[in-house]
Amino acid sequence: MDDGRSDAYPSEVTSVRSVANTFFVLAVWLASSSISHGQQAKSEWTGFVRDSANKAASGAVIDLRGPDAHFSQTAGENGAFHLAHLPPESYQLTVSYKGTVYHFGKPVSLPMIGTAQLTLTEQGSILMQSNIETQTTGEVLPSNAVTAIPLNKRDFSQLLLLASGTMTDTNGTTNYTQQFAINGQRGVEAVFALDNALSSDPEMGGATMSNFNVDAVQEIQSQSGWLPADIGFGAAGFTNIVTRSGTTSLHGSLFEFLRNSALDARNFFDRQTAENRERIPSFRRNEFGFTLGGMLPPVPHRSNPTAFFIEYQGFRQVLGTTQVLAVPTAAERQGIDRTAFPGDTLRVPVNPTMAALLARYPLPNDPSGPFGARTFATSSKVVTDADQFSARLDHNLTSHDRLFARFSWDNLKGPTTNPDQTAIDPSWGITYIDHQRNAALEWSHAPSSTFTSQSELSFTR
């Protein structure tokens with residue numbers, strides 16, 4: 001029986017399918033649009049611009065040029081800038097201020113977290129004191145932080161322990177330079193550089209210039225994680241120590257720091273003996289040096305001045321360590337033993353060669369000590385001497401070319417590797433000697449605001 005609705009059901013099904021297909025296509029389009037929008041998410045970058053005298057560079061023009069975008073903004077009265085709606089890519093950074101164009105040496109990858117401080121140098125470059133990219137983690141310490149934070153032995157490398165995921169590597173002390181385990185990797189995987197010139201120990205790892213004068217440090221850049229290709233073979237972390245350069249005004253510093261055991265408290269094992277009447281082991285440390293920077297005197301037929309910066313740091317230390325040892329008694333040196341058999345005395349002949357060796361041991365001096373009549377307590381003096389010197393030159397060949405050269409010299413003698421044996425006989429000690437040399441030569445060429453090239457030659461011995 002035909003009720004007139006036999007063809008209505010198929011048409012309704014077709015209509016439902018058409019609507020469902022339409023919603024499916026719309027959902028896919030919206031999802032793809034949201035993904036595309038997420039991939040093209042914009043970022044912001046804020047910061048401050050300061051001139052070479054560390055004053056706000058109001059009116060400076062910050063310029064970012066990327067492959068597909070160009071952004072520019074003028075800094076406010078306090079040197080502040082805020083660039084918004086930036087596509088996430090790499091940009092060439094330049095700053096125009098008072099008729100001079102300043103260049104940043106490498107591309108800036110955005111998005112970037114944190115607030116950047118851009119310092120304009122008299123050599124036409126830009127120092128960025130906050131350069132933490134999203135794919136890396138790290139710390140950037142300016143010169144005021146390096147010199148203001150109390151440092152034991154004025155060792156700036158201890159500041160790297162402030163970075164997350166960084167700890168000392170106890171297996172990396174064979175060359176007497178501090179090593180750092182970053183993100184669980186071995187200390188030998190961390191790379192150190194001076195002014196972007198490699199200064200890592202090629203055999204043991206660690207920094208070769210570990211006692212570099214902190215008054216001559218402009219900035220410490222530390223990165224870890226996914227490192228960019230220009231860093232090199234560092235798998236765990238990269239630390240770059242940027243040294244100071246001279247300015248138009250002559251400036252310098254003279255310093256000395258000291259520590260003395262007369263100001264220390266003794267520990268439980270420090271006892272007064274004939275060899276150590278002060279009870280506290282001797283500790284004498286002197287750190288002294290100077291820095292000097294400015295411009296070299298003008299030379300005929302040379303229009304551009306040359307900035308120089310030199311520094312020296314000396315380190316002298318005598319560290320006493322308490323040593324409690326067991327040594328043969330006077331009777332045992334003659335082959336007499338009254339403890340082997342109770343109530344009897346054992347006498348054995350002593351070979352003349354062995355007698356001469358036993359005579360080199362000191363006699364016991366603390367019968368109430370942990371080894372009884374054989375106890376010898378004293379302090380062993382560990383001597384460490386170090387001298388470090390560095391000289392740097394910066395010269396603008398033209399308005400587009402800059403030449404940089406630096407030479408660093410470091411001599412280390414000490415400490416002795418076995419203070420427990422030197423307490424018995426000073427001639428048994430083994431002194432560690434390390435001589436380091438590091439040099440860098442760099443030519444920067446910036447023919448335009450969108451192109452910068454750097455060529456660097458470094459030497460480490």
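Accessible areas here come from the Shrake-Rupley method with a 1.4 Å probe, and for residues only the protein chains shown count as cover. I looked up the surface of the chain and found about 25100 Å², of which 58% belongs to carbon and sulfur atoms.

Notes on the source. The model is predicted, so I kept in mind that local features need pLDDT of at least 70 and side-chain atom pairs count only at pLDDT 80 or more, while totals for chains, interfaces and linings use all residues. Residues are numbered from 1 along each chain as its sequence is written, and side-chain values use heavy atoms, with hydrogens and water left out.

Elements. I read off five helices and 27 strands; these are DSSP runs numbered from the N terminus, helices (H or I) of at least four residues and strands (E) of at least two.

Burial. Of the 461 residues, 42% count as buried, meaning under 20% relative accessible area (1.4 Å probe, protein chains only).

Sheet. I followed an open sheet of seven strands, ordered S19-S20-S21-S24-S25-S26-S27, with antiparallel pairing; two strands pair if DSSP finds at least two bridges between them. Strand S19 (251–260) and strand S27 (451–460) are the edges, each pairing on one side only. Strand S26 (residues 431–448) meets S27 over nine antiparallel bridges, and Leu 441 stands opposite Leu 457 in S27.

Contacts. I counted a contact as heavy atoms within 4.5 Å. Among contacts between residues at least 6 apart in sequence, 61% join residues at least 24 apart.

Conventions: Buried < 20%, exposed > 50% of the residue type's maximum accessible area, 1.4 Å probe, protein only.
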